[in-house]
Amino acid sequence: MRDQYQREIDYVRISVTDRCNFRCRYCMPREGVKFADRSEIMTCEEILRFCRAVSGIGIHKVKITGGEPLVRRGVCDLIREIRRIPGIESVTLTTNGMLLGEYLPALEDAGLTGINVSLDTLNTVKFRRITGTDGFSEVWKGICKAVKTSIPVKINCIPMREWNEDELADMAFLAKQFPVMVRFIEMMPMGKGRDYTGIPQEEVKDILRKRFGKMAAAKGRFGNGPAVYYELSDFQGKVGFISAVSHEFCGACNRIRLTADGILKPCLNYAGRVNLRQEMRSGITDQELRYLVKEAIYWKPRRHGFGDEAEEEIKEKRRMAGIGG
Ligand code: SAM
Ligand code: SF4
């Protein structure tokens, strides 16, 4: 369906847990993380009910995210069930990759249509400093296994001043080495992300041109969203950029989000107003559920407004892992 600004909304990102086996420094505090009580997390049945409702109003694409979605028990069966819903054309997963190798056969069997692995460095020491874990070799094994399956793989990297600026060309090289899309995602000023300085898209492109030569804008769409892709000579995959702040794409935004505790969020940067878990548990009908989603879509904010001080009081205050980045 369309929102009040005539944007076609056909994509939902669902966070299935606020828990995570990593502590990425720009996403989660290292100590004292307060997770939601299990009773506050949407059950798989509730998530499926939501998916059935939204498939009836034009949502065709689902992303499973978190927290770390692979730490949620039953996530492969959930994916399988969502894939069976008429009208749902794709179910993709965003993961830190730590458990990917282990779950890959089950994910393939469930009919997963795409995997995004978040990876900011190829250096084991930096990996530990960024994620708070020693998981690099497990993540790498997961990626190597995933690229051998029929599921398309994307690697998402956040360029950060002083953290990985010397590795950006090596990250892009993965798209030469493997048939994967490597995307550079701009750090957003949300939660702990505010403490880190991102590297502008143009600067990353300069680094890549110096190492690999000409970058030609790729034609066509290669996913659910706003990434802009480039082709590089002799690369198997493409290199993409998602720059929500410096190259705002709100005018073409096609998505809504459901948090792990059931809050429907029409925009990443605004706190959602309706808690569908509570509504479902208080006994609303499927028709009422659809109505609540349609109303939230209609009133989706025109733009994220990162940096607009005036709207600070209605903005999202939660950390990314609770929202489903
Ligand atoms: N745990 C999974 C993972 O890391 O892929 C899924 C959830 S994680 C919140 C989803 C994505 O959000 C990750 O790629 C992470 O790098 C990104 N992210 C977290 N905080 C961010 C921020 N402030 N700005 C931009 N991206 C952020
Ligand atoms: Fe966990 Fe993903 Fe956040 Fe890292 S970015 S702490 S892996 S949810």
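A polar contact is a pair of N or O atoms within 3.5 Å; within protein, one atom must be able to donate a hydrogen and the other to accept it, and residues adjacent in sequence count only if both atoms are side-chain atoms. The model is predicted, with local features needing pLDDT of at least 70, side-chain atom pairs counting only at pLDDT 80 or more, and totals for chains, interfaces and linings using all residues. Residues are numbered from 1 along each chain as its sequence is written, chains are lettered from A and ligands numbered from 1 in the order in which they are written, and side-chain values use heavy atoms, with hydrogens and water left out.

**View 1. Backbone contacts of ligand 1.** A nitrogen atom of ligand 1 lies 3.0 Å from a polar backbone atom of G67, and a backbone N or O atom of M188 is 2.8 Å from a nitrogen atom of the ligand. An oxygen atom of ligand 1 is 3.3 Å from a polar backbone atom of T95. Taken alone, ligand 1 exposes 550 Å², of which the protein buries 93% (Shrake-Rupley method, 1.4 Å probe).

**View 2. The shell around ligand 1.** Of the 17 residues around ligand 1 (a heavy atom within 4 Å), Y26, G67, T94, S118 and M188 come nearest. The shell divides into six nonpolar, nine polar and two charged residues, where Ala, Val, Leu, Ile, Met, Phe, Trp, Tyr, Cys and Pro count as nonpolar, Asp, Glu, Lys and Arg as charged, and the others, Gly among them, as polar.

**View 3. The shell around ligand 2.** Eight residues surround ligand 2, and the closest are C20, F22, C24, C27 and N96. By class, six residues of this shell are nonpolar, two are polar and none is charged.
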